[in-house]
Amino acid sequence: MREDFSFHEGLFSGYDAEKRSYDKSSWAYERDAQGYAVVDPTLQNPRCVINLLRQHAARYTPEVVAQLTGTPEKDFLHVCETLAATSAPDLTSTILFALGWTHHTNGTQIIRTAAMIQLLLGNVGMAGGGLNALRGHSNIQGYTDLGLLSLRLPGYMNLPKDSQQTLESYMQAVVPHADEPGQVNYWHNTPKFFVSLMKTLWGEHATPTNNWGYDWLPKWDRSYDMLAYFEMMHQGKVNGYIAQGFNPLAAMPDKNRIRESLSKLRFLVTMDPLDTETSNFWQNEGTYNDVKPEDIQTEVFRLPASCFAEENGSIVNSARWLQWHFEGAKPPGDAWNDGHIIGTIFTKLRALYAKEGGAYPEPVLNMQWNYRAPEDPTPEEVAKEANGYALADITDDKGKVVVRRGELLPDFAVMKDDGSTASFCWIFAGSWTQAGNQMARRDNTDTGLGTTPGWAWAWPANRRILYNRASLDVQGRPWDPKRQIIAWDGERWGGADVPDYPLTSPPNSGVGPYIMHSEGVGLLFAGGDKLVDGPFPEHYEPTETPVLSSALGKTALRNPAARFYADEKPRMGNPTEYPYVATTYSITELFRHWTKHSRINAIMQPEQFVEIGDKLAGKLGINAGDMVRVSSHRGYIEAKAVVTKRLKRLSVMGKDLDQVGVPCHWGFKGAARKGYLANTLTPGIGDANSQTPEFKAFLVNVEKV
Ligand SMILES: Nc1nc2c(c(=O)[nH]1)N[C@H]1C(S)=C(S)[C@@H](COP(=O)(O)OP(=O)(O)OC[C@H]3O[C@@H](n4cnc5c(=O)[nH]c(N)nc54)[C@H](O)[C@@H]3O)O[C@H]1N2
Ligand SMILES: Nc1nc2c(c(=O)[nH]1)N[C@H]1C(S)=C(S)[C@@H](COP(=O)(O)OP(=O)(O)OC[C@H]3O[C@@H](n4cnc5c(=O)[nH]c(N)nc54)[C@H](O)[C@@H]3O)O[C@H]1N2
Ligand SMILES: [Mo]
């Protein structure tokens, strides 16, 4: 590592307190004259990543961990020993995670820690090993794959920045230069994927002379994630908002502020099968809400949508399988499916642009919209467009035609950067080929290793286990012969899975198993354009915390790069007024804020309750079934108390710490009893990297009413 990289008092080098962000230039490898990272295979150099990591992690002794978390030392050591035992060749382990790790201001770093542990234990790339995000809503994985985050494009490419006004400057920034000679560095192919995307977006209008329509892509000046966007709304900078399958009044933190934000809009459109809290934010729904409808100017349009079960389509699961599903019923009433609604809005907008011109009509007028019924694209048409087509005959190195003009692409390896291929999402190439819809395949034959290559289709290239080259040693011998997923036959790689490795590159050629990385190896150090709050993970308290000192003996107690917005500091509470820690979560009987609209679910869980540990309940004189008021600095809710042993009193930094559990499902619409929205309580602050709100830890007070 560079000499100027350092860590002191909970802060990495380069911190700017005013901007609450880091200048990351020192978080980088030392480089040689050719620009490659300086390496010491003997690991003796004190500036080796592994040595700096050792130093960083040594501070977390079992005693310190017990003080920080309230978990007894012996329990912590039991977990460590169990996990470490899986570092043996014939054992492996997987770590499954979801919201307990993501809903924190340092959530990304928690997950990164787990990834690093699995790397160090040798559990990545093994059948049954690794680190697996459990996706929440069906198709959250597909949402990410298709680049629906505000700064992304499909297939994990980046949307250009404001400072990248030319295609050349964009490519220079996004195509990684090699950190070690001879590595695959697969993102080198970005131009092929990017130009194929542009050919899908703008069709014949994307040409080499206009840089494939690069100017028509939006360029970002800042993140437009939901916290940032609702803050802009609050500042009066947003006129209209379309909430498609999204109930922000119920789902986003600090509900009262979200309601104020929505009140600043001129119009709000909801696209939903249900009549949601969001589409009724302007109504005064009883004593728990102080809305004055006459003060709200926002015009609300409700567009009834169908539900995913009422249409054909694909859903990507947590293992990256694209599974095709079929319409189970016709939507009721006037409901249309999302494609029909969006297709109709698009064709009408385009007709208006054609007629009236308006500001910058080119991106809309030039958009390729090749559907049989333009106002109602079918899922099949869209899925094939995602896979992609050859726009000219595609030839191999020897000039032989491998894909004919007009045919669906067999995989992403045939993609070109000269405009002769089109594909909306390069990682989906292979999902719908000349051989048909691969996502609809239903052969559940197992390979014996839990992979079922004939069931549906997994991106990339129907590979079931990413980094599977890491399941073998450098010579190509499996760490565990019972779990051999790929094999070298002397000439080529093959086996039970699709090799995540160049097919004809022999085992001992020095090519690393992490072909997407410019170093070829897994990363223990996240420098460069990776994480914004530190190249090594570090524990921080939640933004609202009752803990006033750290066993790590540092001054930076909270994540110094967490996402605050300008006037949110006054919305944070202190432990004197709000002495208890609250957390929010889901329960089995209800799914988010929608199944309370179904009578049977509403009967099972009719109303808001809060869980209170028996020690705290005893202290406050609260019995099961009492009504309690839970308040934070942002508002209060009232609910029935459930007194439980489940929520334990913890001893953290020598303090007794009580927790209150608030399930987050009820509201003022649907078949369950009308009540408060749990998100009245939560703080509008986000993880430094992902901007995911801190739903899992904040401060409240509890009183009997
Ligand atoms: N029945 C039902 N199923 C659902 C949903 C639903 O609403 N209802 N929602 C779906 C969606 S969208 C999602 S995202 C998933 C979410 O699925 P989960 O991630 O299981 O969601 P939560 O209920 O929020 O549970 C989080 C768990 O994290 C624990 N936890 C809290 N803080 C911490 C911490 O700091 N560290 C650790 N290690 N654990 C912590 C809590 O004790 C809780 O058990 O569920 C999906 N499935
Ligand atoms: N305090 C707290 N807040 C949380 C959480 C928490 O644990 N604690 N969890 C967070 C998490 S993980 C999530 S994912 C969010 C969820 O936040 P949202 O996504 O806003 O929540 P849902 O209630 O699932 O709303 C989805 C809407 O999509 C509609 N819908 C279903 N199918 C279709 C369709 O095919 N087309 C269209 N157009 N609409 C459809 C449903 O009717 C529903 O109204 O909430 C977050 N909020
Ligand atoms: Mo979720």
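This briefing walks through a predicted model of one protein chain and its two ligands. Local features need pLDDT of at least 70 and side-chain atom pairs count only at pLDDT 80 or more, while totals for chains, interfaces and linings use all residues; side-chain values use heavy atoms, with hydrogens and water left out. Residues are numbered from 1 along each chain as its sequence is written, with chains lettered from A and ligands numbered from 1 in the order in which they are written.

**Domains**
- The chain is assigned domain 1 (7-136), domain 2 (141-221 + 378-438), domain 3 (226-317 + 320-362) and domain 4 (566-704); such bounds come from an automatic or database domain assignment.
- Taken over C-alpha atoms, the centres of domain 1 and domain 4 are 31 Å apart.
- Contact (heavy atoms within 4.5 Å) links 15 residues of domain 1 with 17 residues of domain 4.

**Ligand 1**
- Ligand 1 lies between domain 1 (7-136) and domain 4 (566-704), because both give residues to its shell.
- A residue is near a ligand if one of its heavy atoms lies within 4 Å of it, and 16 residues surround ligand 1, the closest being Ala-98, Leu-99, Leu-590, Arg-592 and Lys-696.
- Polar contacts to a ligand are pairs of N or O atoms within 3.5 Å; here a nitrogen atom of ligand 1 is 2.6 Å from a polar backbone atom of Leu-590.
- The protein buries 60% of the 930 Å² that ligand 1 exposes when taken alone, with accessible areas found by the Shrake-Rupley method with a 1.4 Å probe.

**Ligand 2**
- Around ligand 2 there are 27 residues, and His-137, Asn-247, Asp-272, Asp-338 and Asn-679 come nearest.
- Domain 3 (226-317 + 320-362) and domain 4 (566-704) each supply at least three residues to the shell around ligand 2.
- A polar side-chain atom of Asn-679 sits 2.7 Å from a nitrogen atom of ligand 2, and a polar side-chain atom of Trp-594 sits 2.8 Å from an oxygen atom of ligand 2.
- On its own, ligand 2 has 910 Å² of accessible area, and the protein covers 89% of that.

**A look at Ser-550**
- Ser-550 counts as buried because its relative accessibility is 12%, where buried means under 20% relative accessible area (1.4 Å probe, protein chains only).
- Leaving aside residues up to four places away in sequence, Ser-550 touches Leu-68, Leu-557 and Met-653.
- The side chain of Ser-550 also reaches the backbone nitrogen of Leu-552 at 3.0 Å.
- Ala-440 is 110 residues from Ser-550 along the chain, and their C-alpha atoms are separated by 53 Å.

Technical notes
Polar contact = N/O pair within 3.5 Å; in protein donor to acceptor, adjacent residues only side chain to side chain. Buried < 20%, exposed > 50% of the residue type's maximum accessible area, 1.4 Å probe, protein only.
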